[in-house]
Amino acid sequence: MIFETDSLKIEQVEEVKSQLLAALENEAPMITLDLLYVNKVDLCIIQLFLALQKSTQKKNIQLTLKNCSESFINTLSLSGCSDLLKCSHE
Amino acid sequence: MFSQIFVDDEDDMAIKEGPQYLLFYLQSNLFALRGELISEIVELPDITKVPWMQPCVKGICNIRGAIVGVLDISARLMQGEFVQTEQTSLIIVSTLYDGLIQKIGLIIDKVYEVEVFEAHELQLVPNFGLPVKSYYIEAMLPYKGDFIPLLSLDKLADLEFLSQRENPHG
Amino acid sequence: MSEELDYFHEDAKEQLQMMESALLDAMDKGSNTEYIGTIFRAMHTIKGVAGMFSFDAIISFTHIAENLMDSVRNGKIVLGENLLMLLLECKDHVNELVNCAVESTDLPPQTLEKDKLLKSTINAYLNNSQAHLTPKESQNIETPNTNLWHISLALKDSFFDSGMDLISIIAFLKRLGTLHKVHPLLEKLPTLETIDPYKPYLSFEIEFEGDVTKETLVEVFEFVEDDIELEVFSVKEFLNTQEEKSIEEVQQIEVSVAQPVESPKIEPLKQELPDKKVTPVSQFLRVDSSKIDILIDTISEMVIANAKINRYVEENSAVELEEISIELSTLLEGLRNNVMNIRMVPVGESFEKFRRVVNDVAYRLGKKINFVIKGGETELDKTVIEKIADPLLHMLRNSVDHGIELPQKRVEQGKSEYGNVELRAYPESGSIVIEIEDDGKGLGLDAILAKAKAKGIITPTQQLSDAEAYKLIFEPGFSTAEVVSDISGRGVGMDVVRKNIEALKGDVELQSYVGKGSCFTIRLPLTLAIIDGFLFQVGKTNYIIPLDMVSEVIEYTQQYHVSMKDSKVFNLRGTLLPFLDVRSYYQEMSCQVCERQNIIVVKYGRHKMGLLVDELLGEYQTVIKPLGKLFVNAPALYGASILGSGEIALIFDIPALFEMVNIIRE
């Protein structure tokens, strides 16, 4: 799943949630969020990703965040969440 | 994912390209005003007189909750006052004064038509044979073998001049 | 401008205003720790918030200013008069920096120059204070320890509504020192299926190291203080006091965020709490005033709609509907009052700003002033307050410059060395009165008349009443200053003052006694938008007078007729009052249906007059609509109002009417 906006914030949280829910219902063994274009996120979105992580862990789905930008990773580390979410640069 | 696609609906209406003009009667003469200046045309409402104004400033009226000054342009342009009939109408125009948009109502005797004229059709104002002073006329519009004077709103609704009061007590 | 930036601007202005008040108070009453604290906090808070926006010029300047104030706070530098003046300059300078930052313009060269100058002056103060320290004192200086802090923070449900992102706050925190650890607690976080995405579920434990005070750390979170539960511990102190407790207990306390920890040893930390309370939370709810205007318009449309219901009720004698309509009227009345109250603001805040000017002017002229503000709680329409500020400022300057004598001269005349200038506001029958009174040298009528004659404002033979003579000082070109000073200008002021006040539908009067002082009295309408009016008819036209200005209504009878014949005055229980036949004055058609005529006695300030009118229609709550530019010269008319029937009523401008009638009598 790819996000095509520069910033993912509270304004988009409802929409992102419904997309993530849809991805969960697919019952695929793995969900990958492609964050190539995303530079700005806020705590609201990070919280949502963490909630997704809780869901995927329950269902034994693997969650990966790929193509994470430096600013995204920086934001994650400021919020102390970089160890919690699995990020990759590719 | 968040990109939206706009489908352009290109229904082309085949009409004459150009600005619209309102043609109307004052007494028995046809005149025109630029359509872009007109915000609406209503039936002549009740007018409340404001004291000490010039004879062509009739007072104020209520246009959907807003106070609008009313100008008798027959009186301003020609002799005599307007005579109210079933067809008497009020054209609401917007004019800029002191940096503020002011709405003014112009009393006309009868709406005739809305017509489109292209810019090149506008003619110079002649010096003679006009129903009103050439000062008030911006251009002439060729219409059905005749020429209709296009009134200048700036000259017609010159608020600087019209706001001067006539003090009956000296 | 983004909302955050707007907030920053508003907050900075407020901080600077408080700093100025504190500085001026310190000048008047001598410095104390409260004032010093306020000044320090202003610089400190602005620095902190500027940091979130990376406004480097502000940060670097406020940093030095904050150091200076810190030294003052620690008693290393005495807050004397010179330093107070310097700090006032600093305040102005920061204001300048803030404005540039908010408008994102480059600093103009003179501001850069000023920046340098002020910084070097401050540094000189700071260096001096270091040099003078005795070894003993230097031991007392709290060298800031590298401190380990623990911050616990839980997000309240309202957090995401605050519009602030915690991450940028943490990013700011990082600039103050080292972030050792940010640990989010996910226990409360539900799964994606059940999450309410707008509700925060997280809390954080942050370990931070930096040479900062607890206060600083608390202020980092000031913008969201209502939306979080925050606890800040110094880890060292915490461990010291808690060392005998088991680790379990420690964890318990960490978790019980924001709950008072009942350990006496933690008292030193808690003592800062009342101090923090003083830190002002912004008192503004910024609402675009056009939104309020729309509300008022809507309410007035509802009032009109309700009047239509009333008419229907009368025509169809629908009793049940009548009750509903009455209830609706009451509700609308309440709603209108509440909406109007939004526009009303106490004048005090605006008045406080004048103290600075009065002090500045007095300082420059070598005069001593005791400036008193009274009635600051009096409320006035915000638009009116904004528009009256400049005229008031000018008049205050004038009082200090021309009114108050030099200290020596005052002593010679047996007055106190300090000149008294009082600015006061109070309500009076539908108007607000603002007075500026001084106990200076006053203005003699003879002097005014002589001057006016010399300047050709009146002819040498012209006879004037006292009130008219005092009015002369508001004429263009009139100035009583013997020497034109750079402070009150060249007599171009007072006529502009009068014009501005009249544009607000107010008026201004002067009373003065030689050697005793002067008093300017300004009367302003409460609001520019809605009035309670008294509705009546003259000829075919409806008119409204503001209800507060109606003194009484009497039926017109023969007894008045005699005394009124040509004199344009009438006899009201022995008092002769000016009298105006509105119908003939406004050339209304006579109205055949109304047999009775009435006299409405109107009052304004100390004046009264009678208006001869036709039918009385009673009280009417009305929305004032402007007549528009076409009618700027309409005689003594304020605006118009649309009645329930859709008809229009003209609203009388009573002050202007008094003026006009006076003209006619001459």
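Which residues make a nonpolar surface patch of about 260 Å²? On chain A, the answer is A:I2, A:L36 and A:Y37. Keep in mind that we're looking at a predicted model here.

A:Y37 sits in a loop of chain A, the one that runs between strand 2 (30-34) and strand 3 (40-41). So is A:Y37 buried, exposed or partly exposed? Partly exposed: its relative accessible area comes out at 41%. Residues need over 30% to be counted in a patch, so A:Y37, at 41%, clears that cut-off.

Okay, over to chain C. There are 666 residues in this chain, and 49% of them are buried. In secondary structure, you've got 23 helices and 21 strands. If you take the contacts in chain C with a separation of 6 or more, 70% of them are between residues 24 or more positions apart.

Now, how far do we trust it? The mean pLDDT of chain C is 78, and 83% of its residues get to 70 or more. Two stretches to flag, though. Residues 132-145 of chain C have pLDDT below 50, and beyond near neighbours in sequence that stretch has eight contacts in the model. Then there's 238-282 of chain C, also below 50, with 45 contacts in the model beyond near neighbours in sequence.

Terms used
Residues numbered from 1 in each chain as written. Chains lettered and ligands numbered in written order. Predicted model: local features only at pLDDT ≥ 70, side-chain atom pairs only at ≥ 80, totals over all residues. Heavy atoms only, no water. Patch = residues over 30% accessible without salt bridge, like charges linked within 9 Å, V, L, I, M, F, W, Y side chains within 5 Å. Areas by Shrake-Rupley, 256 points an atom, 1.4 Å probe, with all protein chains shown as cover. Salt bridge = Lys/Arg side-chain N within 4 Å of Asp/Glu carboxyl O. Helix = DSSP H or I, 4+ residues; strand = E, 2+ residues; numbered from the N terminus. Buried < 20%, exposed > 50% of the residue type's maximum accessible area, 1.4 Å probe, protein only. pLDDT = per-residue confidence, 0-100. Contact = heavy atoms within 4.5 Å.
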